[in-house]
Amino acid sequence: MAISKRRTFKDSVLQAAFRTQGYVVVNLDESEKMNRLAEAYRSLYPYNQEGCVFSCHDTDCNRRFKAQNFVRQVIGEKASVFLDNYKFVNSSFVAKYPGENGAIPPHTDFTLVDDRYYSAVSIWVPLTETTAAAGRLHVLPGSHRYTPLCGSNLFRKYTDIKLSSMTEIELEIGQAVCYDPRTIHASPANTSSSPRIAGNCVLIPEEADLWHVTCQDQDILIYAVDDGFYSGLGLTITHKLLSNYRVIHAEHFERFVL
Ligand SMILES: O=C(O)CCC(=O)C(=O)O
Ligand SMILES: [Fe+2]
């Protein structure tokens, strides 16, 4: 019997596009809130940095949580309007500073749920004007249907995929791209003169187990972790931390094979 997958979007048109393409653009109609969120970023990080900086990697724990909450309050709250009963996993600012080393190569994000039944979703929102020069998000449509599991010390490099073969997402402030973390995405360096600031908020279905996938001694292990695992985490995921959680056995899961 075919497995029917739980929906992500309340709206059927968005749902159908997300299912086939692995991403969809949504109007949040909150440009003022997005401008204020950019201000919140600047107040937390008033100095210039280098490259593409994720606030979820901030070693200042206090500031990391503040950043997480700013993004969660605006994007996470708004998500409940158009997502069908999803819960929060994590959120972050992603600031791309002018300069050559801010490019993000093609990749997928961590596998967070059993994708036979569920889809996680990442809501990526520009908070400053995102021209082509500033470094727009690019996606490879449909790639969510074949990319392998991704986790800590388990990721594939997509060096054969050129940015020019990907779809460049042009967004106004107030719009968002919602992508499946399995969809290959990337962004070029920022060649403009000012930082490109975005917010990203990740959610999964309310009833789904949250996963952490990792590779240990040549084995791929899938742990069912608690809902605060990623948002509350110190910066390192250790074997000791993972030993608190249940390993899920899923022998028939063909995407175990890399
Ligand atoms: O903001 C970007 O350009 C890349 C973001 C990204 O890859 C992510 O948030 O997972
Ligand atoms: Fe990513």
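Which residues are exposed on the other side of H2? They are Glu32 and Ser43, as the first of these views of a predicted model sets out. Local features require pLDDT of at least 70 and side-chain atom pairs pLDDT 80 or more, whereas totals for chains, interfaces and linings use all residues. Residues are numbered from 1 along each chain as its sequence is written, with chains lettered from A and ligands numbered from 1 in the order in which they are written.

**View 1. The two sides of helix H2 (residues 31-44).** Met34, Leu37, Ala38, Ala40 and Tyr41 of H2 are buried. They lie on the same side of H2 because they cover an arc of only 155 degrees around the axis, taken from the directions from the helix axis to the C-beta atoms. Buried denotes 20 or more other C-beta atoms within 10 Å of the residue's own, and exposed 12 or fewer, with C-beta atoms placed from the backbone. The cover of the buried residues includes helix H3 (61-82) and strands S3 (86-96), S5 (121-126) and S10 (196-205).

**View 2. The shell around ligand 1.** At least two residues of the shell come from each of S3, strand S9 (185-187) and S10.

**View 3. Leu203 in the largest nonpolar core.** This core has 57 residues, a set of buried Ala, Val, Leu, Ile, Met, Phe, Trp, Tyr and Cys residues joined through C-beta atoms within 7 Å. Leu37, Ile123, Cys178 and Leu203 have the most contacts inside the core. Beyond its neighbours within four places in sequence, Leu203 is in contact (C-beta atoms within 7 Å) with residues including Ala79, Phe88 and Val121.

Technical notes
Helices (H or I, at least four residues) and strands (E, at least two) are DSSP runs, numbered from the N terminus. The expected span of a helix is 1.5 Å times one less than its number of residues. Two residues are in contact if their C-beta atoms, placed from the backbone, lie within 7 Å. A residue is near a molecule or strand if its C-beta atom, placed from the backbone, lies within 6 Å of it.
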